[in-house]
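Dear colleague,

I am passing on the structure that we spoke about, and my notes on it follow below. Please read them with the model open beside you.

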Amino acid sequence: MNAARHFRRYFSPKRLENIYSDKIKYRATVGMDRIAPKAFEDKLDENVQLISQKVLSGKYKFTRYREVLISKGRRKEPRVISIPTIRDKLALSAYHQFLQSSFGETVQEPLLHTIVGDITQEVLSGHFDGYVKIDITHFYASIDHHLLLRKVKKKIRKSEAIHFLEEAITTETITRVGSAPGRGKNKCGVPEGLSISNILADIYLSDFKEKVCSRYDVCFYRYVDDILILCNASDASKIKDLCVKILKSDFALDANEKKTMSGEIANGVPFLGYMFFDNKVGIRPSAEEKLEASIEELFRLRKRQTISQQVFAWRLNLRITGCILDSKKYGWLFYYSQLTDLKILFHLDWLVDHLFCRYGFEKTKDIKRFVRTYHEITKNVSGSNYILNADRYSIEEKAEILSGIYGQEGFDKKDSQTVDNLFKAAMFKEVQRLEYDIQNFS
């Protein structure tokens, strides 16, 4: 099927309804148009018809994105995230699937877990003793529109599809506070946080690997703009210099001099929140500190009685075990389950016990433990009853969680569809908190 047919298929009203149900329904946030999820869903048929008509006719226009700043820590510039309206988010999700179908042969979107597993296996094999880690300065904001569109047009020539992409990447991101500035265009970069942001990054850097691997015997790993190259230590400095040169000349990108590094694996390789050594896999101290701060914040909220005891225990266990929802795994330890140095897990269990004593709370028997969770994840995740698996809860159990933990009472507990919708909405909010604990790991 050619790109034009894919385009029509992904923007059919029926396909848009399915994408909304699968991808948007429980993750919708209010954009600059201030239309709430319920108001959008009440007119879903009308909305999907409008999106389909406008996109396929090449007349789709985006509402400006809402700016959200995500802290990256003290003395660091915050990450600017662009939040689209629900309508735009749905259209972008469909376009993401269209790009996947068009670039499936040349652009891969591997899971983080898969990349980490491959690196772990290669590092522990001892085949390479050196590494190069590349950090790109302001990557998303530096993507050249002309270069990006030229690469996209190698696979997609349909003018309406190109128009949609041009509109998506040139739409401004503005703050909600105060009066809106006069409308302009974003002339460089791809807004970060859109469903198409990562795949556009992959398309933009798709031939970078070949330019390096054709000259040296290396193993090359990339997750968006995080790049790790395993190599012979004697070649590491030369490969680093080559990468910096290629990024500048061929991609109009600058390497961050402070974070771009090379060295010996035995001294530790920081990548994607992990620390890889020649004989073990650990976790970067900053990743551990972020989780510790998240756990202690729960104790503070409980101490101030901002949250109930039931919510406190529920969220603490979620921090420890993560959860399974819609067959997907979420949480800190699911992400870091490939570590081999387990001292940190014993420390985290000690920390939880210490915080109970410090804040004067009684620790009940239902509080989970990190070490036990790790072994359940690595040896028995499919059959585990220890890890919170939201997919296994009955309607009665979901209703009990909604009323007993979240204090929701105004619903018919026998109405399975309503209960399921409310439960998923509550759980996806918890998932957002879990995902925050593993953000900004680079």
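A disulfide is taken here as a pair of cysteine sulfur atoms within 2.5 Å. By that criterion the whole structure holds 0 disulfides, and the sulfur of Cys213 is too far for a bond, because the closest cysteine sulfur, in Cys219, is 8.1 Å away.

This is a predicted model, in which local features need pLDDT of at least 70 and side-chain atom pairs count only at pLDDT 80 or more, while totals for chains, interfaces and linings use all residues. Residues are numbered from 1 along each chain as its sequence is written, and side-chain values use heavy atoms, with hydrogens and water left out.

Turning to the aromatic residues, there are 29 aromatic pairs in the structure, where rings of Phe, Tyr and Trp (its six-membered ring) pair if their centres lie within 6.5 Å, and planes under 30 degrees apart count as stacked, over 60 as edge-to-face and the rest as tilted. The pair of Phe11 and Phe164 is tilted, because the planes stand at 55 degrees, with the ring centres 5.7 Å apart. Tyr274 and Phe276, in turn, form a stacked pair, with 25 degrees between the planes and 5.6 Å from centre to centre. Phe11 and Phe164 also belong to one aromatic cluster, whose members include Phe7, Tyr60 and Phe98.

Finally, the charged end of Arg372 sits over the ring of Tyr386, 4.1 Å from its centre, and Lys280 lies over the face of Phe277, at 5.3 Å from the ring centre; this requires NZ of Lys or CZ of Arg within 6 Å of the ring centre and within 35 degrees of the ring normal.
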